[in-house]
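Here are some notes for a colleague opening this model for the first time. Please keep the structure in view while reading.

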Amino acid sequence: MSILKSQLSKNLKELRVQFCQTSAASKGVREFVEKNYTSLKQANPSLPILIREASGAEARIFARFGKGLENKVVVQNASAQDVEKALEQLVKSA
């Protein structure tokens, strides 16, 4: 089952997606957010999902878990499918 159609880990406290609005290296992340934000939010209505666009920013996803643990994955030049796989691994990392 895709992570997009299920509830994310109960230990996950916040999800942050950071990318550049215009760079080619962030294209996959932009596509992922455009196609999947709504389904992620519907499956996880109480989870803060923050989308941060900044000119020249490196494409990254941060997951904050309980007790202040935070993990990140860099998704520069990744396709939308690769971004989904990276998110799945990130959520499982705690």
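**Notes on the cavity and the strands around it**

1. The lining of the largest cavity has 10 nonpolar residues, one polar residue and no charged residues. Bear in mind that this is a predicted model.

2. How many cavities of 30 Å³ or more are there? The count comes to one. The volume of the largest cavity is about 60 Å³.

3. Which residues line the largest cavity? They are Leu15, Val17, Phe32, Val33, Asn36, Tyr37, Leu40, Ile49, Ile51, Ile61 and Leu87. S1, H1 and S2 are the elements that each give two or more residues to this lining. H1 supplies the largest share, five residues.

4. S1, H1 and S2 also belong together in the fold. Strand S1, helix H1 (residues 27-43) and strand S2 form a β-α-β unit, and the unit is right-handed.

5. Look next at S1, residues 12-19. Seven of its eight residues are buried, so the strand is mostly covered.

6. S1 has a parallel partner in S2 (residues 49-53), with five bridges joining the two. Leu15 stands opposite Ile49 of S2. Both Leu15 and Ile49 are among the residues lining the largest cavity.

7. S1 also pairs with S3 (residues 60-65). This pairing is antiparallel and spans six bridges. Which residue of S3 is the bridge partner of Glu14? Arg64 is.

Notes
Residues numbered from 1 in each chain as written. Predicted model: local features only at pLDDT ≥ 70, side-chain atom pairs only at ≥ 80, totals over all residues. Heavy atoms only, no water. Buried < 20%, exposed > 50% of the residue type's maximum accessible area, 1.4 Å probe, protein only. Helix = DSSP H or I, 4+ residues; strand = E, 2+ residues; numbered from the N terminus. Pairing = 2+ DSSP bridges. Right-handed = clockwise from strand over helix to strand, strands pointing away. 1 Å grid on protein atoms, 1.4 Å probe; cavity = no way out; pocket = protein on both sides within 12 Å on 5 of 7 lines; lining within 4 Å. Points joined across faces, edges and corners; volume = space filled by probe spheres on them. Nonpolar A, V, L, I, M, F, W, Y, C, P; charged D, E, K, R; others polar.
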